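Take a moment with the sequence and the fold below. The paragraphs that follow walk through them step by step.

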Amino acid sequence: MNVIKSVKVAAIISQAILMLWLLLTVTAYLFQRKIQLLYEGGSFNTEAFENVFVFAHIPQLLAFAAGMIVNYLMLNKKRSFRLAPVIIISITAALLPLLNRFCLNGQLVFTAHLGGSDKLSVFSQFCEVTEMLMYPLFAGLIIALAASAVYAYSKRNLRKQQ
């Protein structure tokens, strides 16, 4: 298998993993009540339940979009700027943990001050589930990072050989 074909296979695998993350995250949001019942058992007051939106998913969705764009750039037939994928995904992979932790800690503080202990409990339990779902996102980004590095290096080598 040549280098270009292996990069395309890695980009497709990365896109599949990123789509898996999106599917799992949307499913977690749709079944928040069931997740809370699993954590709380029978003592959870389902009438007082409120859906939670985790602000840390905003940088995660931006990282998802960046990963999809990078994979598209590597799969695209027009190869104008070969370093763009590796630059975009490197910056994304470096900033995602920082932005994710910043958003999560800020929302935890605001929820504790404004919502009280009940809302903080609901929020932290849902965050615990969705933070475990970040592993496929990171896996997809790492595969895209490796593929984009090979993509940039292989194109440079092909130019030197010609």
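Cys127 counts as buried, because its relative accessibility is 5% and the cut-off for buried is under 20%. This, like everything below, is read from a predicted model. Cys103 comes out otherwise. At 21% relative accessibility, Cys103 counts as partly exposed. How many disulfides does the count come to? The count comes to 0. A disulfide is a covalent bond between the sulfur atoms of two cysteines. To be counted here, a pair of cysteine sulfur atoms must lie within 2.5 Å.

Stay with Cys103 for a moment. Cys103 lies in helix H4. Phe55 is 48 residues away from Cys103 in sequence, yet their C-alpha atoms are 5.8 Å apart in space. Setting aside neighbours within four places in sequence, Cys103 is in contact with Phe55, Ala56 and Pro59.

Now step back to the whole chain. What kinds of elements does the chain have? It has 6 helices and 0 strands. Read from the N terminus on, the order is α-α-α-α-α-α. The chain has 162 residues, and 36% of them count as buried. Among contacts with a separation of 6 or more, 82% join residues 24 or more positions apart. The accessible surface of the chain comes to about 9,600 Å². Carbon and sulfur atoms account for 69% of that surface.

Helix H1 covers residues 3-30. Its 28 residues should span 40 Å at 1.5 Å a residue, and its end C-alpha atoms are 41 Å apart, so the two values agree. Which residues of H1 are buried? They are Ile4, Val7, Ala10, Ala11, Ser14, Leu18, Trp21, Thr25 and Ala28. Look at the spacing in that list with the helix turn in mind. An α-helix has 3.6 residues a turn, so residues three or four places apart point the same way.

Ala28 is touched by Thr130, and Thr130 sits in helix H5, residues 116-132. Is Thr130 buried or exposed? Thr130 is buried, because its relative accessible area is 1%. Beyond residues up to four places away in sequence, Thr130 also touches Val54 and His57.

Return to helix H4, this time to Thr111 and Phe110. Both Thr111 and Phe110 are found in this helix. Thr111 is buried, with a relative accessible area of 14%. Phe110 counts as exposed, at 58% relative accessibility. Thr111 touches Gly116, Lys119, Leu120 and Phe123, not counting residues up to four places away. Leu120 also gives a distance to Phe110.

Finish on the surface. Where does Phe81 lie? Phe81 lies in the loop between helix H3 (57-75) and helix H4 (84-114). Phe81 is exposed, because its relative accessible area is 52% and the cut-off for exposed is over 50%. Phe81 belongs to a nonpolar patch on the surface. Leu83, Ile87, Ile91, Leu95, Leu98 and Leu99 are the other members. Together the patch has about 670 Å² of accessible area.

Terms used. Residues are numbered from 1 along each chain as its sequence is written. This is a predicted model: local features need pLDDT of at least 70, side-chain atom pairs count only at pLDDT 80 or more; totals for chains, interfaces and linings use all residues. Side-chain values use heavy atoms; hydrogens and water are left out. Buried means under 20% relative accessible area, exposed over 50%, partly exposed in between (1.4 Å probe, protein chains only). Helices (H or I, at least four residues) and strands (E, at least two) are DSSP runs, numbered from the N terminus. Contact means heavy atoms within 4.5 Å. Patches are made of residues with over 30% relative accessible area and no salt bridge: like charges are joined within 9 Å, nonpolar side chains (Val, Leu, Ile, Met, Phe, Trp, Tyr) within 5 Å. Accessible areas come from the Shrake-Rupley method with a 1.4 Å probe; for residues, only the protein chains shown count as cover. A salt bridge is a side-chain nitrogen of Lys or Arg within 4 Å of a carboxyl oxygen of Asp or Glu. The expected span of a helix is 1.5 Å times one less than its number of residues.
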